[in-house]
Amino acid sequence: MDGRNVLELGGDIMIHGSDASVGCLAMGDEAAEDLFVLAAEGNVGKWKVILAPCDFRVRNGVVPAQSPRWTGDLYEKIAEELKKMPANGPLGVR
């Protein structure tokens, strides 16, 4: 292990506007504004955000060569969380 707690990865990732970031999700001002409005109008306490390299419900995630040893375990945890999500979410996921 490299000293990180695999159960706590991503706890400080923010979603914001602009087009640059170091470790967060910069998705442009328009998309960030849309998410802000959705959060303000919805029940934000019920939201869950899962960051994944692909939708593991559709295809298997192949761990890239030279990845840290914990990557496979993390992919498995992501896949388990995605199984709990509806196949076709409100934003047309899939």
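This is a predicted model: local features need pLDDT of at least 70, side-chain atom pairs count only at pLDDT 80 or more; totals for chains, interfaces and linings use all residues.
**Exercise 1. Chain architecture**

Task: State which pattern the secondary structure follows along the sequence, and what share of the residues is buried.

Solution: 
1. The chain contains two helices and two strands.
2. In sequence order these elements give the pattern β-β-α-α.
3. Of the 94 residues in the chain, 14% are buried.
4. The chain exposes about 7,500 Å², of which carbon and sulfur atoms supply 55%.
5. Where contacts link residues at least 6 apart in sequence, 43% of them join residues at least 24 apart.

**Exercise 2. The largest nonpolar core**

Task: Identify which residues make up the largest nonpolar core, and list what Leu 82 touches beyond four places away in sequence.

Solution: 
1. The largest nonpolar core has six residues: Cys 54, Phe 56, Tyr 75, Ile 78, Ala 79 and Leu 82.
2. In soluble globular proteins, nonpolar side chains tend to be buried together.
3. Leaving aside residues up to four places away in sequence, Leu 82 touches Ile 50, Ala 52, Cys 54, Asp 55, Phe 56 and Arg 57.
4. Among these contacts of Leu 82 are Cys 54 and Phe 56, which are also members of the core.

**Exercise 3. An aromatic pair**

Task: Count the aromatic pairs and describe the geometry and placement of Phe 56 and Tyr 75.

Solution: 
1. The count comes to one aromatic pair.
2. The partners are Phe 56 and Tyr 75, with 5.2 Å centre to centre and 45 degrees between the planes, a tilted arrangement.
3. Phe 56 lies in the loop between helix 1 (29-41) and helix 2, while Tyr 75 is in helix 2, so the pair ties together parts that are 19 residues apart in sequence.
4. Both Phe 56 and Tyr 75 are buried.

**Exercise 4. Thr 71**

Task: Locate Thr 71 in the secondary structure and state which backbone oxygen its side chain reaches.

Solution: 
1. Thr 71 belongs to helix 2, which covers residues 71-83.
2. With 8% relative accessibility, Thr 71 is buried.
3. The side chain of Thr 71 reaches the backbone oxygen of Pro 68 at 2.9 Å.

Methods
Residues are numbered from 1 along each chain as its sequence is written. Side-chain values use heavy atoms; hydrogens and water are left out. Helices (H or I, at least four residues) and strands (E, at least two) are DSSP runs, numbered from the N terminus. Buried means under 20% relative accessible area, exposed over 50%, partly exposed in between (1.4 Å probe, protein chains only). Contact means heavy atoms within 4.5 Å. Accessible areas come from the Shrake-Rupley method with a 1.4 Å probe; for residues, only the protein chains shown count as cover. A polar contact is a pair of N or O atoms within 3.5 Å; within protein, one must be able to donate a hydrogen and the other to accept it, and residues adjacent in sequence count only if both atoms are side-chain atoms. A nonpolar core is a set of buried Ala, Val, Leu, Ile, Met, Phe, Trp, Tyr and Cys residues joined through side-chain atoms within 4.5 Å. Rings of Phe, Tyr and Trp (its six-membered ring) pair if their centres lie within 6.5 Å; planes under 30 degrees apart count as stacked, over 60 as edge-to-face and the rest as tilted.
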